[in-house]
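Let's walk through a helix pair and a few charged side-chain pairs together. Keep the model open as you read.

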Amino acid sequence: MAKRVYEVWKGRNKFFLGGRLIFGPDAKSLLATLSLIVIPVIIFCVFVGRHLRHEFPSYNAGYAIIVAAIVFTIYVLVLLLLTSARDPGIVPRNSHPPEEEFTHETGGRQTPVLQFPRTKEVMYNGITVRVKYCDTCMLYRPPRCSHCSICNNCVERFDHHCPWVGQCVGLRNYRFFFLFVSSSTLLCIYVFSMSALYIKILMNDNEGTVWKAMKESPASVVLMAYCFISLWFVGGLTGFHLYLIGSNQTTYENFRYRADSRYNVYSRGCINNFFEVFCTKIKPSANKFRDPFQEPQRPPPSAARESAANDVGPEDRRVKVEDDLDIGGDLLKISQRHNIEGIESDIRSRGNDNDED
């Protein structure tokens, strides 16, 4: 039975459900992220929300506090899955390098040397942009594309590799990543507010101080401290990405080109930048992970390669043909033959010099 594409994938990704879900190599970190979200919500529902049920007797409104926490947590987990388990925008690898460019070494015999320009210029929104060549994926990266050393893939509109979601953040999952981070911020605010409300209710009921109320509900204190610390992380991250979206930057571009102070050719204005992230259709994946894998075939030699081959002298061509025939047999014989031919040519040249003397 023929293998599928995900079974011979050259990146470091991990696939589940027959290639339907794709994660990064650090997918195990998702367990830590899930724990940091689910465990505090369970503690909240058991030790805080359960007691708040009876504080709003009209229409059993107190139950809405627990229901809201559970529903919002499920929403956050769905966003986490949409961020972590989808193709972030991986650019398919080439099975062979692009059109070759040959140069010739100066010397006794001209040998074609394969060279690739490290960069080339392309047009983006009517502006010339320089793109780089990726040796691993054997392609010129599209604008805003970068190679992730962790996943070993080129990702379109690469933002960063997030260990908390165990996946690269790029063109196809950045929207869900931002919604996940911002929703986590709102969840922290909600749990913090309801825990503080319960402390306030305990103070009023017992006509005591805040310290007595905190002793009566230590879980509320722990949750408030946890949410306060978490807000510095997810809240700050939300604010930072709001700035990036408004200016149409990625995290990678902001950190790498911050000191350059160069013009941002990708920005379309603040409103249009937000529209581009949240209101445009998500590009379909360029990879068919579940399709049967087909061995790539090498294209016929290009005209540049043929002209370079024609420039080789007849003696070099004869040696090259003989080498190609012997490669399948024994590379050692080729090396030995070259050494013998070099010695014989030296002996003949010395003999000719002696005859002239």
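What follows takes the helix packing and then the salt bridges.

This is a predicted model, where local features need pLDDT of at least 70, side-chain atom pairs count only at pLDDT 80 or more, and totals for chains, interfaces and linings use all residues. Residues are numbered from 1 along each chain as its sequence is written, and side-chain values use heavy atoms, with hydrogens and water left out.

Start with helix 1 (residues 29-52) and helix 3 (residues 174-206), whose axes come within 11 Å and cross at roughly 30°. Helices here are DSSP runs (H or I, at least four residues) and strands likewise (E, at least two), numbered from the N terminus; axes are lines fitted to C-alpha atoms over the stretch in contact, with angles running from 0 to 180 degrees between N-to-C directions.

Now turn to the salt bridges (a side-chain nitrogen of Lys or Arg within 4 Å of a carboxyl oxygen of Asp or Glu). The count comes to 5. One of them joins Glu253 and Arg144 at 2.9 Å, N to O. This pair links distant parts of the chain, 109 residues apart: Glu253 sits in helix 6 (residues 251-256), and Arg144 in the loop between strand 7 (139-140) and strand 8 (146-148). Glu253 is buried at 11% relative accessible area, and Arg144 is buried at 10%; buried means under 20%, exposed over 50%, and partly exposed in between (1.4 Å probe, protein chains only).

Glu121 and Arg130 also form a salt bridge, at 3.8 Å, N to O. Glu121 is exposed at 54%, as is Arg130 at 59%.
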